[in-house]
Amino acid sequence: MPEGNELHRWAKMQTEAFGGKKVRVEGPNGRFADAVLLDGRVLREVMAVGKHIGYDFGKDRKLHVHMGLYGDFTEGTGPAPEMRGALRLRISTKSDWLELRGPTDCSVWTDEQWEALKARLGPDPLNDDDPERGFQAILAKKTTSIGALLMDQTVFSGIGNIYRAEFLFRARVSPFRAGAQMTREELKAIWKDALKLMPEGMVDRRIVTTKPPDRPHSKGPALDEEVNYVYRRKGKPCFVCGTKIEMKVMAGRNLFWCPTCQAA
Ligand SMILES: [Zn+2]
C-alpha cells in the first residue's frame, strides 16, 4: 500500500501534467461508467488527503480515488497506449496520459462528500495541518496502543506501515504503549519527524529513515538493507544496539520494533 508521501507526489505530478486543462476521461468496458460526467471538462487540480486522491472537475464533480492495497498508476507522455488489462480509468490530453488500475474506489463525489472526508481524517503532515486534533485523539486513548493509533487515519492521515514503525523507533517509543501514556513532547517530536521525513519521501523509490552514522556503511548512499531501522528487518540485529528486531501483527499489518531501544 502506498504511503501518504507517494500519493502527494502523484497528485503534484498529475497537477503539473493536467491541471487547468481540458481532459479526456475514459473508463473502458464499463469499469468506470461515470467517466462521462467528467469527460471533456477542465481538471482544475489534483489533491491528496491522507491516502485519498481527489480530482477537482468543478462543483460536485470530485473524482475520488482510494488506492487500497493494489491500486497503481502508470503515466506517460505522447499518445496513450492501447487499452489493456483491468484498466479502471484513463485521463489524457494530446501530450500526456495516466492510467489507474486496481483501486478500492474510483467514483464521482459531491463537494459535500469530499469535505466530509476531510473532516473525518486526522491532520496530514504533508498538508501542513495543525496536529493538535491528532495529539488529543492519542492522549485520550487509555488502552489503544500508539502503534495502532498511528495507523488510524482519523488520528493522523497519510502515515502508513513503514513510517509508523520507523517514527516509533526514531523516538525510542515502544509501539505497545497506550496513547494516554505518551507525553505531548514525544508526540511533538514524532510530528516534527514526520514533517521532515515524509516530504523527503521516496529516494530512488525507497523510503529512507536511517541516519548515515547509524548505518553499517555510513559513507555514501544507504544500501537497500540499511534504509530502515526496523521495517522488514525481523530477526536482524538492530543498527543501534544489536538486539534482534521483532515482528508482530498490529492493526492488521506487520509491526516491527527493537525490544531494547523501544523497551516497554
Ligand atoms: Zn535497538
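Predicted model: local features only at pLDDT ≥ 70, side-chain atom pairs only at ≥ 80, totals over all residues.
Figure 1. Contacts of Gly201 include Asn5 and Tyr163. Gly201 also touches Arg206, Ile207 and Val208. Residues up to four places away in sequence are not counted here. His8 is 193 residues from Gly201 along the chain. The C-alpha atoms of His8 and Gly201 are separated by 9.7 Å.

**Figure 2. Arg90 is a buried residue of strand β8.** Strand β8 spans residues 87-92. Arg90 has a relative accessibility of 6%, so it counts as buried. The side chain of Arg90 reaches out to a backbone atom, the oxygen of Pro81, at 2.5 Å. Pro81 is also listed among the residues that Arg90 touches, alongside Ala80, Glu82 and Met83. Arg24, Val25 and Glu26 touch Arg90 too. Leu98 and Glu99 complete the list, which leaves out residues up to four places away in sequence.

**Figure 3. Helix α3 has buried residues along one face.** Helix α3 covers residues 132-139. Gly134, Phe135 and Ile138 are buried in this helix. Seen down the axis of α3, the buried residues fall within an arc of 100°, so they line one face. What do the buried residues of α3 pack against? Their partners are helix α4 (146-149) and helix α6 (184-200).

**Figure 4. Four cysteines coordinate the zinc ion.** The SG atoms of Cys238, Cys241, Cys258 and Cys261 coordinate the zinc ion, at 2.3 to 2.4 Å. Why is the arrangement tetrahedral? The 4 donor atoms subtend angles of 100 to 114° around the zinc ion. For four donors to count as tetrahedral, all angles must lie between 85 and 135 degrees. Along the chain, the donors follow the spacing C-x2-C-x16-C-x2-C.

**Figure 5. Cys238 and Cys258 link distant parts of the chain at the zinc site.**

Terms used. Residues numbered from 1 in each chain as written. Heavy atoms only, no water. Helix = DSSP H or I, 4+ residues; strand = E, 2+ residues; numbered from the N terminus. Buried < 20%, exposed > 50% of the residue type's maximum accessible area, 1.4 Å probe, protein only. Polar contact = N/O pair within 3.5 Å; in protein donor to acceptor, adjacent residues only side chain to side chain. Contact = heavy atoms within 4.5 Å. Arc of directions from axis to C-beta. Donors = N, O, S within 2.8 Å, 3.2 Å for Na, K, Ca; no water. Tetrahedral: all angles 85-135°; square planar, octahedral: opposite > 155°, others 65-115°.
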